[in-house]
Amino acid sequence: MIATPEPDHDRKTELMAIDQSKSGIKGLVDAGLAKLPRVFVHDHLNLNIKSGPAPDNVKIPVIDFAGVNTDSTRRAMIIDEVRNACMKWGFFQVVNHGIPVITLEEMINGIRRFHEQEPEAKEKLYSRDESKKVTFNTKIDMSQTMAAYWRDTLTCVMAPNPPATEELPETCRDIMLDYTNNVMNLGTTLFELISEALGLNPNHLKDIGCTEGLYVMGHYSPACPEPELTMGTGIHTDSGFLTVLLQDQVGGLQVLHDNRWIDVTPIPGALIINLGDLLQLISNDKFISVYHRVVARNIGPRISIASFFRTYIQPQNALRMYGPIKELLSENNPPIYKETNVVDYFKFKHLKGVEGASALAHFKLF
């Protein structure tokens, strides 16, 4: 059933009350919430697209990285698998990626500890100031009419200029540093493989800055009383170059493939890799950035950690331009996109609104 829209004033009042509590969605649930607040209700969920487990012959690729740096024959096979996944899916899961399972488990536990500590301990980090390197908040848009998402998030800008150690929450400080160091190393390998899959020098994407920035979001979604009315994350594509996602076993992530929402089934010890808009742009559409979303669940909490490789969005990066890589272009493969810088790209995407719309079309030459 679709709820009747309420006046904008009521929406703002409800948003302000949630925001000023500084306790997030978990605070609402802990207070005994039984009915979804109106600001979380998504009136226009697209129910026309099929959703659920993939047919037996349609599977999100799972790539085994064993031997990637020690066996040249195996590496060549992995590059082929990465190329196919990036061309057809924009998503794949990786096993034997080199990050110990105990590190993955402790990272999930660390994010859980942060979100489940006493509200007073989290309040000092509650902020919507994007210039801060460490913040905690609920995913609500105070300025637009978009419905809020059913999740609380700890955000840490970990590269190229990480926060001082004491700025990181004590509950997950050590594991945040350990895990993100591992992810940065894995990112180097991933960008080497993607470079080679494009037919480029292994260091090409690293040399143009793809590995420099790491933006980490630790999401916490409590069990939702009315999951059919809301979303953990709306339909979107990622803006940067590449995302490494660690999720627990609750599930909920779905990828749009051939006009069908496909569940990304959790695999213990695996990491999910997906390409962002800027990688599609610089690859001149050879590789794709695809729509995905997270459905709300009546079980939980769902915990996930998304690590975004993207250029640090600061004025000093405004002069760094990104366009289709010249080595990939030819008379038969002319550039599809004009050059842009990350500041302008992210500004346009924010102005357009994240949900359900890719900003890439705006930058096309024809």
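Student: Which backbone oxygen does the side chain of Ser221 reach?

Tutor: This is a predicted model, in which local features need pLDDT of at least 70, side-chain atom pairs count only at pLDDT 80 or more, and totals for chains, interfaces and linings use all residues. Residues are numbered from 1 along each chain as its sequence is written, and side-chain values use heavy atoms, with hydrogens and water left out. Ser221 is found in strand β6, residues 214-221. At 3.0 Å from the side chain of Ser221 lies the backbone oxygen of Trp150.

Student: Is Ser221 buried or exposed?

Tutor: Buried means under 20% relative accessible area, exposed over 50%, and partly exposed in between (1.4 Å probe, protein chains only). Ser221 has 11% relative accessibility, so Ser221 counts as buried.

Student: Where is Ala164 found, and what is its relative accessible area?

Tutor: Ala164 is found in the loop between β5 (152-159) and α6 (173-197). Ala164 is partly exposed, and its relative accessible area is 30%.

Student: How are α3 and α6 oriented to each other?

Tutor: Helix α3 (residues 72-88) packs with α6 at an angle of about 80°, and their axes, lines fitted to C-alpha atoms over the stretch in contact, are 9 Å apart. Angles run from 0 to 180 degrees between N-to-C directions; under 35 degrees counts as roughly parallel, over 145 as roughly antiparallel, 65 to 115 as roughly perpendicular and the rest as oblique. The orientation of α3 and α6 is therefore roughly perpendicular.

Definitions and conventions. Helices (H or I, at least four residues) and strands (E, at least two) are DSSP runs, numbered from the N terminus. A polar contact is a pair of N or O atoms within 3.5 Å; within protein, one must be able to donate a hydrogen and the other to accept it, and residues adjacent in sequence count only if both atoms are side-chain atoms.
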